[in-house]
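Hello,

Here is the structure for you to look through. My notes follow below it.

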Amino acid sequence: MRPPDSGDLPDDGASSVRRRVRIHAAPLAHQATQPAANGRAVDAAPLVGPGGAIERRASTQGREAIFDVKDVSIFYGSSEAVSGINMQIHRNLVTAIIGPSGCGKTTFLRSLNRMNDSVPSFRIDGRILYHGHDIYGSEVDRVEVRRRIGMVFQRPNPFPKSIYDNIAWAPRNLKMKDGLDERVERALRSAALWDEVKDRLNQSALGLSGGQQQRLCIARAIAIEPDVLLLDEPASALDPVATASIEELMQTLKNRYTIVIVTHNMQQAARVAERTAFFSLDVSAGKRSGVLVEYDDTEVMFTQPADRRTSDYVTGRFG
Amino acid sequence: MMNDPVGRPQDVTDLPPEAGGSFERSLPGVQEPDSSGMSASDLPDLSGPLTPSGNLRRRQLVSRLFEAAQTASALLAVAVLGLVIYSVTARAASVLSLSFLTHDPPLVSGESGGGIAPAILGTIVIVALATVIAMPIGVLSALYLTEFASPWTARAFRLVLDLLNGLPTIVVGLFVFGLLVVGHHQSGFAASVALAIIMLPLIARATQETLLLVPAGMREAADALGVSRWRTVRGVVLPAARGGILTATVLSVARAAGETAPLIFLSSIYGNTISLNPFSGALPNIPVYIFTSSEAAEANGFARAWGAAFVLLAFILFANIVSRTLSRRSALSR
């Protein structure tokens, strides 16, 4: 199940503790992440400048680029799923990735926190810099990557445990046991779920409705206070009311977290995101791979896109 | 229909290859589009009344025949179990009582009365020890297969486990006999080892199937929380699969409890009284007790053999019901 490049990676198992802190220049390798007094467990590691990117929009002015994606292509076996992506993702903004089915949105999102590593034939070219550190660097541990870059999936996937244990499980395992009750409450409040579940924290999470389950998954992801939240079509399995509550939630979460959301719902992108990236399928030259067509402020993307394909998509002419 | 596949190749081989074999063969092929064209004109009037038309009546008859055959086969299978339970119960009725469960057998097997307490306790000790040996190994190897092994290794291991599962139990008995009994003596422990070998693939494969049922989304969710793989397995995967693992174990216990062949080699020379230490020597046990007392050509021995058979049967049925209940309660089936 290990990816082919995992040979030179530190194990993500128990050995992580022993091998902690070898390479001081690679902060994504294991570090003791103690919650700071202000509650931020993961403070930005020394950052690298945006690397000469053109800042032409107001929304990204003066904002640190958390991700700097440089010429990234992703392969499954010999087929290229995504090719030549260059983009920056900025702190405390909601960045939406939209595009038709099969254009590699989810593949790209999952490569931002190495969730694709478990796919046997997965391979990535180019570099994804996170606070200036290559996510796929040889000393980087993917468990540490995911500890800082959380993810919420398309289908709500609570553990078959109590509501409380769903939230508390990861903090317990990450040695964040002090004030666990407060941590659980804070996470549930942040996910706008506290009032609905506070009287039944010991009941199974599987008894919650779909929308509640998804907010529980968001609460679970933010309970370990990550730096970034990746949301993979978080509302696609939900009804409109639950969707609205998730979207509302994102507006408050972005004050603390950097959010990247994949959605095939353009209206959703327009409602929640400051920045929107449009992916499409490039079928030229006998290949079928996802490409980044256009990336700009959401308002610009939906009102005066530069690319014909973008305007065709956002006006509903295809997709 | 029968003639076609049999007759045609023969015709073709009879002919010399250049003497138009291919021409002969192509003839039926030419006719086929014709016949299908014919059937098109046989199509009923689609605006007619909705009563059976064409060969529908024949198809319905065939369907009913097969349905009846299937029902009869299913009933037969159930009837076999019913008959076994009935005949064992009827013949065991004369000896069944509380004292049958709590007393030693009589010193002379021809005497009436007495019980099978040593055999019951011995079987419990042997099977419990076998479970203690087989369960951790089975569960851990299933975890290795589903969570950590590469697909190739997993396939190879699965094959090995299936082969182990297919191993005749008498061969397992002989193997352990050579390993632990030759040069030493029979022992309950040797019997436990043999039963553990028999249980191991059952537990490992059934656990593996259960682990595969744990939704991939749950592992992903745990992975995405920056928790290491073993903690994910221990904290999320194993608890979710707990019901299935218990079910597998109980089923394999039921299977092992009735296993006779290895015990005849490994734990069949024992005294008449209760003995519980599996390392000190052979332990009395139910399967061997049934075997020896039914060999003894003694009416009272026969009766006690039936009684022991009833106890074993009741235990196995009970274990199966328990395992059903466990699997229904498991977190995954919710």
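**Backbone and confidence notes**

A:K175 is exposed, at a relative accessible area of 54%. The model is predicted, and A:K175 has a positive phi of about 60° in it despite not being a glycine. This residue, A:K175, belongs to the loop that runs between α4 (163–173) and α5 (180–190) of chain A.

A:H131 is another residue to look at. Its phi is near 50°, a positive value, and A:H131 is not a glycine either. Most residues other than glycine have a negative phi. A:H131 sits in the loop between β4 (122–130) and β5 (133–134) of chain A. Is A:H131 buried or exposed? With a relative accessibility of 3%, A:H131 is buried, because the cut-off for buried is under 20%.

On confidence, the model has an ipTM of 0.74 and a pTM of 0.71. For chain B the average pLDDT is 81, and 84% of the residues score at least 70.

Which elements of chain B have the lowest and the highest mean pLDDT? The lowest, 44, belongs to helix α1 (residues 3–14) of chain B, and the highest, 93, to helix α3 (residues 56–92) of chain B. Residues 1–37 of chain B have a pLDDT below 50, and this stretch makes seven contacts in the model beyond near neighbours in sequence. Where pLDDT is low, the predicted coordinates should not be read in detail.

Regards

How values were computed
Residues numbered from 1 in each chain as written. Chains lettered and ligands numbered in written order. Predicted model: local features only at pLDDT ≥ 70, side-chain atom pairs only at ≥ 80, totals over all residues. Heavy atoms only, no water. pLDDT = per-residue confidence, 0-100. Helix = DSSP H or I, 4+ residues; strand = E, 2+ residues; numbered from the N terminus. Contact = heavy atoms within 4.5 Å. Buried < 20%, exposed > 50% of the residue type's maximum accessible area, 1.4 Å probe, protein only.
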